[in-house]
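Here is a friendly walk through a structure, to be read with the model open beside you.

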Amino acid sequence: MTNDDLIANLLTAAWLLPLLGFVIEVFGGYWQKSRKSKAAALMAVACIGTGFVLSTVALYLGIDWKVLFDPDNHGVVMEEIPGTFYLLGEFGPLVLSLDYYIDSLTLLMFTMVTLIATCIHVFALGYMGDELTDDHVDHEVHLSDGGHFHRPGRFYRFFSFMSLFCFSMLGLVLAGNIFQVFIFWELVGICSYLLIGFYVERKSASNAANKAFIVNRVGDFGFIIGLMVIWTSFGTFRFFDHEIDTKPVPGLFTMISRVETDDPHQDEHPAEKHGKVEKDEKENEHPEDEARHNGEEKADGSHAVGEHAVGEHHAHTMQLDVDDARSVVFLHQDKKGTRIADPVSKTEKSIPYWLLIVAGVGVFAGCIGKSAQFPLQTWLPDAMEGPTPVSALVHSATMVAAGVYLAGRFYPMFAPEVLLVIAYIGCITLFVAATIAIVATDIKRVLAYSTISQLGYMMLGIGVGGWAAGLFHLITHAFFKSLMFLASGSVIVGCHHEQEMPRMGGLWRKMPVTAFTMLVGVIAICGLAIPFSIFGAKIAFSGYHSKDAIVASSLAFMNANQIHFLLFFVPLITAGITAFYMFRLWFYTFAGTPRDQKVYDHARESPWVMTIPLIVLSFFAIFVAVGGERGPLYGLLQGSEPFHVDGGVVSVAAEGATAITMPSRRDVHAVHGQAGWYALIAAVSGAVFAYLLYGIRIIDPADIKRNFSGVHTFLVEKWRFDDLYEVMFIKPVHVIARWCTGFDRSYIDGLLHWLSRKTVDVSRWDRKFDENVIDGLVNWIAKVVFKGGRSLRHVQTGLIRQYVMFIALGVLALFVLLFVMFPA
Amino acid sequence: MASGERKPPDDAQNRFQRQVSIMDSSTLLLSLIIFTPTFGALALWLFDRKAEESMRYCALVFTAITFVLTLFLLGEFDRDDPGIQPVRIQVNEVSAEEPEPEYERLETYHVAAEGEVLDGEKLTAGQIVSGSKVYDESEVQRGVVHEWIGQWNINYTLGYDGISVPLVLLTSFISLLSLLAAWNIKKHVRGFLILFLLLESGMLGVFLSLDFFLFYVFWEVMLLPMYFLIGIWGGPRKEYAAIKFFLYTLVGSVLMLIAMLMVYYNSGQSFDLQFLARVGQGLEEGLGFSQSIQIAAFILLFIGFAIKIPSFPFHTWLPDAHVEAPTPISMILAGVLLKMGGYGILRIAFPLCPVGAQYAAWVLALIGAFSIIYGAFAAMAQTDFKRLVAYSSVSHMGYVLLGIAVWKIGESTGSAAVGKEYWLMGMNGAMFQMLAHGVSSAGMFFMVGVIYDRVHHRDLNQFGGLMGLMPFYSGLAVGIFFAGLGLPGLCGFIGEVFVVLSTWNFSPPLAIVAAAGVILTAGYILWAIQRVFLGPEYKGPHKEDITPMNGREASIAVVLLVFAIVLGVYPESMFGLMRGSMELLVDNLDQGYQEVSRAIEKASTVMR
């Protein structure tokens, strides 16, 4: 077994173990006699824990650590490992299969997901403890007879769903083609549905679960459109190059690979079409040849993947291989940029540029749904109806981050215009969500909005060309956000299922471990740091590094594209808002004097089974990003970076003012220090403001609330998205649905019934016609004949003489007639 | 003639064996598959009227035998040969003493590929190679043919290929499960079972017959038992539903009859579907259907089959029939009967009238896409659980029509298909969707039936809390409903998504419309699940009758769910069966269309 096979097998085992666990847990749990057994939970923990060990081993084996830690070595951190599990269907040249595609991003995601999932599983052992009973009373459900709802505990079911989720999530990360991503995309969606609706008796929970799944399906509708475009234009879903009948078939990433251009002002090309710049015209007479020539020069293009190009000057701008009119993108046979020739028509295979944008935006629509981005963000806060470990695992660290993961994984397929869409969507989301978080009072909802906002940051990072920055934030965020969710879970359990912050306060004295681990998370998410180097590194938690990277990328992007200044200022301001609402949460909950003495009196620190995961996660929340952009985590991510990111990308279809230039890594690096200061200032001012309002309570928040009551209400109502969607979509759908049934009933069936009535009418007529006309005629003839016969009866006297006389008269009459008619 | 050296094996031993077996093995197997249920129906007369339990077991045994026989058929089926099977050769010279030719099945053979060489001799594609012998396509008989009504050239022709084998399997499988589901029918048990078995014979006959007349006969044979099964064992409005079903289908049958006579008299009086397909595809010298006949016949056939599918606007019999039919009959109706529409289009309407099919492809695709959306919307508005499932069938079968119809021809390529592989994928997706829907909708109807048996109502607003009262049932039911929702890993997903993916090549707007179905489907299924299974308490009557499923019910549900998972996780199991035949069909249609349109063009220039 080669090293590659070993890694693939390790990850496959880590992926399938939770599935095995799910099957055993769900059936074993159902048939076990008592609901007090922890067997299913331990099984789930064992499965995911083993998965973590396997992933770590795979990570260890897969990465070239020498390259990673040697700043002067520009080698490859890891070569990707592609492969196929089995075939789903094959239609001529079209092949659909389950594949795997392993690169350092995959390994990192595997390790991150399994590690966090293990912590959360352990935490859930304690958190879900009240389900370990044969008679569980659900105080939130009121029956029609006024009593509370009693049911057997469902400890096993929770853990089996969690296992199913882990399986789906790992499958999503391991997927080697975009169709397979979609498969697991739906599966994590259904796991999320099952877990949000875990308390099936609660109407609010099942509503939230439905909402989550259906809103996600709205995004998936776009995803499918993207898939259709890719399938029809590219003929494959696979990321990687492969062979069909020993014929090499390029994967998506190769087909769309960029070609180099020496001209850093490619965006001005449209201008020359208008005759503004003429001097470049001659130089670019044969852009295709040039492009191909350059492509060959960069024959070892894939090696650029792992290069630490920070501060180097050999970066070139890369762009899609477009034609002169910039309306189609040519597809490549290999990484050198050889175009695919259609054997039949002898033309070069290409995809219209606009269609590439449709494909990108379509797939990204899926990401919008899954990562709760504007305008589909409304499902995530409601999803907090699920148990808190679910919120920590599914709705902060892993599943919702899958949208960002996919945006990163699929990055090579995104045209610059799509990236701009991603950036703006992220930008709007991070601001909208942050503003709602300011006024939310439910501790979990604050965290939910903060999650949406942070996901927006990640999307923004990816959209402005900070590929590694966005994914960097994904990893760090996963740790500190799951930490904070678990801490909030600890608070909720400690306060006997009280979630409203206005009834908390001063809890740090009662639950110090929870309070301080939460503080770690808060500092991490706000990006607070001591901005001076000590021992060659800044003293900062993970969130500082990653958010800093995003802000730097967007600053560089703004420098390159002045018109998109909002993409820098909005996230900068929101960094301050983030610090404000996160510290508000901490001060509200843990600091000061208790607001509700009863809650405070009954509060207690959680048992070790819940606090140890908090401590483990806070360790990672502090140290995971150590070294910042020169640290190992960032290096690992860069090992998977699409190689055109390095040099920056230029929009090829846009004209004049709407041209987009993606900053190169060099550009980003140049503004890094500056951006770091801006972000830090914003964060500190937010934190200080929160301290004034909720820490030492100098300013009364109620005053502000009164003065801005209109804004406050608007924010509390979540920018009124739910109402809007209710009016715009849900009601019309029900109306149309009723129309459809009505149409069936009234028109189609109506027509049929009318036809059948008419048929009956016609047959009635038929009967009448038969009875009156035909029978009448027959009867009339009969009657006439009868009457005639009757009148002739008088002639029949029976006298021979009379008859002879009749005959004689008859003969005479005949003769007379003959003579009259034929006179001789 | 490449097989000049072939000598007919006429040694005495062979001759003796042939005389002993009056029917050769393949005729026997196919006939047994069709008529075993009929024998079962006859056998039921032997029982005492009161021995209901024994009669049920008797019927069960006969359905089980049929199922096993279809498994044999699966074993016999050679998936490397895309054409109609069995492949048989004539083994005697027709003479005065033996006026009838005799055939023997070729046990091992393969179809020569282009450029294949055997013993230094180059073969032409399509020749049949058996050992060292080579036969031309015209020398072998595909399928079994026995004369039935000679003067009208009607034959007893049976055969199978990759399109019919999966459907035959589905039929016998669903029949077996439905019969198990019929265990608690108490009224006129003997009559029910007899009709049920006759129905099964009719269905299997439809899928196996290759003579148009025979097909028509089986099609009608199926109709009457269904009428009585709904009309006698149905719910409160059973008479209305039964007559509606009967009249709808009869209209379809009449249209099919007209089309049948049209092609009969335009093909030198043949009912042989293989021959008719060759005529329709312009492969028979001197014969052919003119453009107007193709179009007219196709429209007639299509309406006949569309009623069965059923697609908008011919679908309103379905909700009524389903709502009134007893559970096992609903399972048969949704699981098998609806597939006959799709099968008829694939087996008859398209191959016989490729020009007509291409002419109407847009309308078909439009109807398919519209049915998807319309059915989903209508399902959302239902308050009757069974009606909701019935409308979901309209929606799901829309994918079948859409997948079959995505046949695109381009201006630049003349009349050749553009992106033929996408059409092939659509066809395969449609076939798979039929199988998947057979499993998932039969499962859904069964699940509705289980709860109906307990509480005797189906009002969606009067359920709730079943998850707590019947957890095992609810778990299985939710699984099966997810299969209907098109969740990956379950059967519904593959068919739907493959069809949708193949549609973009045909028409992006239609593809978008079809894809929008995923949102609506999720909507109505999740909403139904919420109203029935979730919530704290059951809101309807007869709460005390809600008992867990018994072993029989549980095993039916488990088997269906397992198959839904197997098909969803490993769809290649079915695609592998149908691949060859589907490719052949698509190639034939594509080439047939080009052939015929060339001929038509030539004719029109001559006329000018």
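## Two helices side by side

Helix 11 of chain B and helix 20 of chain B cross in the left-handed sense; a crossing is left-handed if the near helix is turned anticlockwise from the far one by less than a right angle, and right-handed if clockwise. On one side the contact is made by L346(B), F350(B) and P351(B) of helix 11, and on the other by L585(B), N588(B) and L589(B) of helix 20 of chain B. Five of these contact residues are nonpolar, one is polar and none is charged. Here Ala, Val, Leu, Ile, Met, Phe, Trp, Tyr, Cys and Pro count as nonpolar, Asp, Glu, Lys and Arg as charged, and the others, Gly among them, as polar. Two residues are in contact if their C-beta atoms, placed from the backbone, lie within 7 Å.

Helix 11 of chain B covers residues 327-352, and its axis lies 10 Å from that of helix 20 of chain B, at an angle of about 20 degrees. Axes are lines fitted to C-alpha atoms, for helices over the stretch in contact, and angles run from 0 to 180 degrees between N-to-C directions. The two helices of chain B are therefore roughly parallel to each other, a term for angles under 35 degrees.

## About the model

This is a predicted model, in which local features need pLDDT of at least 70 and side-chain atom pairs count only at pLDDT 80 or more, while totals for chains, interfaces and linings use all residues. Residues are numbered from 1 along each chain as its sequence is written, and chains are lettered from A and ligands numbered from 1 in the order in which they are written.

## Where the chains meet

At the interface, 42 residues of chain B are in contact with 45 residues of chain A. Helices of chain B that each supply at least two residues to this side include helix 12 (354-380), helix 14 (420-455) and helix 20 (572-607). The largest share, eleven residues, comes from helix 18 of chain B. By class, this side of chain B has 30 nonpolar, nine polar and three charged residues.

Helices (H or I, at least four residues) and strands (E, at least two) are DSSP runs, numbered from the N terminus. Two strands pair if DSSP finds at least two bridges between them.

One open sheet of chain B has three strands in the order 2-1-8, with antiparallel pairing. Strand 2 and strand 8 of chain B stand at the edges with a single partner strand each, so one side of each has no neighbour in the sheet. From one strand to the next, the twist averages 35 degrees. Three bridges join strand 1 (residues 87-90) to strand 8 (residues 140-142) of chain B, with I89(B) partnered by V140(B). Strand 1 of chain B also has three bridges to strand 2 (residues 103-105), where Q90(B) is partnered by Y103(B).

Another open sheet of chain B has the order 3-6-7, again antiparallel. In it, strand 6 (residues 128-130) and strand 7 of chain B share three bridges, and I128(B) stands opposite Y135(B).

## A look at chain A

Chain A has 29 helices and twelve strands. Of its 824 residues, 55% count as buried, meaning that 20 or more other C-beta atoms lie within 10 Å of the residue's own, with C-beta atoms placed from the backbone.

Terms used
Parallel < 35°, antiparallel > 145°, perpendicular 65-115°, else oblique. Buried ≥ 20, exposed ≤ 12 C-beta atoms within 10 Å, placed from the backbone.
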